[in-house]
Amino acid sequence: MGMRLVRAAVLLTFVGFWLAPVSARGTLDADEVQLKRALEARSGEMLETLRLWVGTNTGSFNQVGLERCSKMLAEPLSRLGFALEIVPGKALGLPGRPTQTGPLVIARRPAPSGVEGAPRFLLVGHYDTVFELSSPFQRLRIDPNDPGRAIGPGVADMKGGLVVLLFALQALAESGDLDRAGWTVIFNADEEVGSLVSRARIEAEARRADYGFVFEAVRPDGAMVRSRRGVGQFRLEVSGVAAHAGQAHAKGRSAIHELALKVVRLEALTDYSRGITFNVGTIEGGTKRNIVPERAYAWVDVRYDDSAQAKEILEGLQLIVQDSAVKGTRADLWG
Ligand SMILES: [Zn+2]
């Protein structure tokens, strides 16, 4: 992983600055070779940084860990002359659990005055992971069968990418190249729960930037990706009427029954030939065997090939949400 991080940082350093992948240009020039060497010399430090960040639990709702990690990420940028804006997290309001997200870190380093026409870069990464404090998976270790591979919660998704981001910026600072551009870095802490708090800020910053880079690795070989399929996520909540299943079954309105019918209809919207998929990934609901369930929830993941399909997908979804087969139930879509 040490070498892989170096390679990624080298690639990003060059791509970020000259906007052409190294491979597309063939060889490195003398300055680039120097940057590469400087990064290689720091591979041990990269691995230790990764170990520290990965060992700091940042499950999306682990407030303490997220606060701690946000400082670890922000502080080295402030040493590079970035001005920090820390936006506190928000409660997402999911029923039945604490849902306070972690801080959104926005770090800015405008091009020095006098640098005309400097490009503006936006670099984005999230530091939350899907591993909450209760997970047994908490530490980084090196794969005993492959010393180049690190395993740990969020190594690939995406603290490894954050290490690349930081070291690439440090390398550019040391070579003096950081001053040739304006930089905005965003670390969000709610990506794994849908970026609901950070999305608007990321979009606003993106509109002000000439180039944007997201540091999450999406391909096993770490290749750069120019566009990705559309993705959406929704939480579907069905409310019914609770009743005792023995004495008052007819008075109940089963949220689970309604959700089950909706799940069948949602899954039927999948159309592989057009690259549209619906996946009901989790369902929850009910309280007791002998109670007609008042509530049921599902998380739904939607993927599609092109943005023109988004409207159609939303309409299909709305129809299923509004139309209840079990009379007396209602559904709300969240996300
Ligand atoms: Zn991710």
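Let us begin with helix α6, residues 155-175: its 21 residues should span 30 Å at 1.5 Å a residue, and its end C-alpha atoms are 28 Å apart, which agrees. The expected span is 1.5 Å times one less than the number of residues. Helices here are DSSP runs of H or I with at least four residues, strands are runs of E with at least two, and both are numbered from the N terminus.

This is a predicted model, in which local features need pLDDT of at least 70 and side-chain atom pairs pLDDT 80 or more, while totals for chains, interfaces and linings use all residues. Residues are numbered from 1 along each chain as its sequence is written, and side-chain values use heavy atoms, without hydrogens or water.

Of the 21 residues of α6, 16 are buried; buried means under 20% relative accessible area, exposed over 50%, and partly exposed in between, with a 1.4 Å probe and protein chains only. Just after α6, G176 has a positive phi of about 90°.

H126 belongs to strand β3, residues 120-126, and D157 to helix α6, so the pair ties together parts 31 residues apart in sequence. H126 is buried, at 2% relative accessible area, whereas D157 is partly exposed, at 28%.
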